[in-house]
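Subject: Structure for you to look at

Dear colleague,

I am passing on the structure we spoke about, together with notes on what was found in it. Please look through the sequence and the model first, and then read on.

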Amino acid sequence: KYLLLTQLQAVDLTLFYRVLVDNLPQLMPVVYTPTVGQACLRWDKHKRTHSGMYISYFEHQGRVREVLDNWPFEVDIIVVTDGGRILGLGDLGTNGMGIPIGK
């Protein structure tokens, strides 16, 4: 269900939110805790369209504006995290991207 919903989110955001709102009690556990934690453990195994950007403090220090300006999509929101202890699962590294996307 999680993968199906993320695919729907990638192709039709309006329909994704309509389905989510109309079925919120049933789908909330699918799009967030606990399912998203399991999805994050396998994040690198699932093919997805663009849905997040990684900015490294060490690699991009002093150039964050430049990196954001080079992103081909409009940046609506920025979620900052150190990635540690995501959902009590520990440091998932880049696999933790499902959490800020969900937020």
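Two residues are said to be in contact when they have heavy atoms within 4.5 Å of each other. With that in mind, among the contacts between residues at least 6 apart in sequence, 51% join residues that are at least 24 apart. Please keep in mind that this is a predicted model, and that the values below are computed from it.

Overall picture

The protein has seven helices and zero strands, and the pattern along the sequence reads α-α-α-α-α-α-α. Of its 103 residues, 25% count as buried. The protein exposes about 7600 Å², of which carbon and sulfur atoms supply 57%.

Buried residues

In helix H3, which comprises residues 24-31, the residues Leu 27, Val 30 and Val 31 are buried. These three lie on the same side of H3, because they cover an arc of only 85° around the axis.

His 60 belongs to helix H5, residues 57-60, and it counts as buried because its relative accessible area is 11%, where the limit for that class is under 20%. If its neighbours within four places in sequence are left aside, His 60 is in contact with Tyr 54, Ile 55 and Val 67.

The loop between H6 and H7 is the place of Met 97, a residue that is buried, with a relative accessible area of 10%. Met 97 and Ala 39 are 58 residues apart in sequence, while their C-alpha atoms are 10.0 Å apart in space.

A patch on the surface

Which residues form a nonpolar patch on the surface? They are Val 75, Ile 78 and Val 80, and together they have about 310 Å² of accessible area. Val 80 lies in the loop between helix H6 (64-70) and helix H7 (98-102), and at 75% relative accessibility this valine counts as exposed. The loop that holds Val 80 is thus also the place of Met 97, although Val 80 is exposed and Met 97 is buried.

Aromatic pairs

A pair of aromatic rings is described by the distance of the centres and the angle of the planes. The count of aromatic pairs in this model comes to two. One of them is formed by Phe 16 and Tyr 17, whose rings are 4.9 Å apart from centre to centre with 70° between the planes, an edge-to-face arrangement. Phe 16 is buried, at a relative accessible area of 5%, whereas Tyr 17 counts as partly exposed, at 42% relative accessibility. Trp 71 and Phe 73 form a pair as well, with ring centres 5.5 Å apart and planes at 65°, so this pair is also edge-to-face, given that planes over 60 degrees apart fall in that class. Trp 71 is partly exposed, with a relative accessible area of 26%, and Phe 73 likewise counts as partly exposed, at 36% relative accessibility.

Salt bridges

The side chains of Asp 22 and Arg 18 meet in a salt bridge with an N to O distance of 3.1 Å. Both residues lie in helix H2, residues 13-22, where they are four residues apart, or about one turn of the helix. Arg 18 counts as partly exposed, at 46% relative accessibility.

Glu 66 forms a salt bridge with Arg 63, and their closest N and O atoms are 3.6 Å apart. Glu 66 is partly exposed at 42% relative accessibility, and Arg 63 is partly exposed too, with a relative accessible area of 34%.

Arg 65 forms a salt bridge with Asp 69, in which the closest N and O atoms are 2.9 Å apart. Because Arg 65 and Asp 69 are four residues apart in helix H6, about one helical turn separates them. Both Arg 65 and Asp 69 are exposed.

When you go through the model yourself, you might begin with the loop between H6 and H7, where Val 80 and Met 97 are both found.

Notes:
Residues are numbered from 1 along each chain as its sequence is written. This is a predicted model: local features need pLDDT of at least 70, side-chain atom pairs count only at pLDDT 80 or more; totals for chains, interfaces and linings use all residues. Side-chain values use heavy atoms; hydrogens and water are left out. Rings of Phe, Tyr and Trp (its six-membered ring) pair if their centres lie within 6.5 Å; planes under 30 degrees apart count as stacked, over 60 as edge-to-face and the rest as tilted. Buried means under 20% relative accessible area, exposed over 50%, partly exposed in between (1.4 Å probe, protein chains only). Patches are made of residues with over 30% relative accessible area and no salt bridge: like charges are joined within 9 Å, nonpolar side chains (Val, Leu, Ile, Met, Phe, Trp, Tyr) within 5 Å. Accessible areas come from the Shrake-Rupley method with a 1.4 Å probe; for residues, only the protein chains shown count as cover. A salt bridge is a side-chain nitrogen of Lys or Arg within 4 Å of a carboxyl oxygen of Asp or Glu. Helices (H or I, at least four residues) and strands (E, at least two) are DSSP runs, numbered from the N terminus. The arc is that of the directions from the helix axis to the C-beta atoms.
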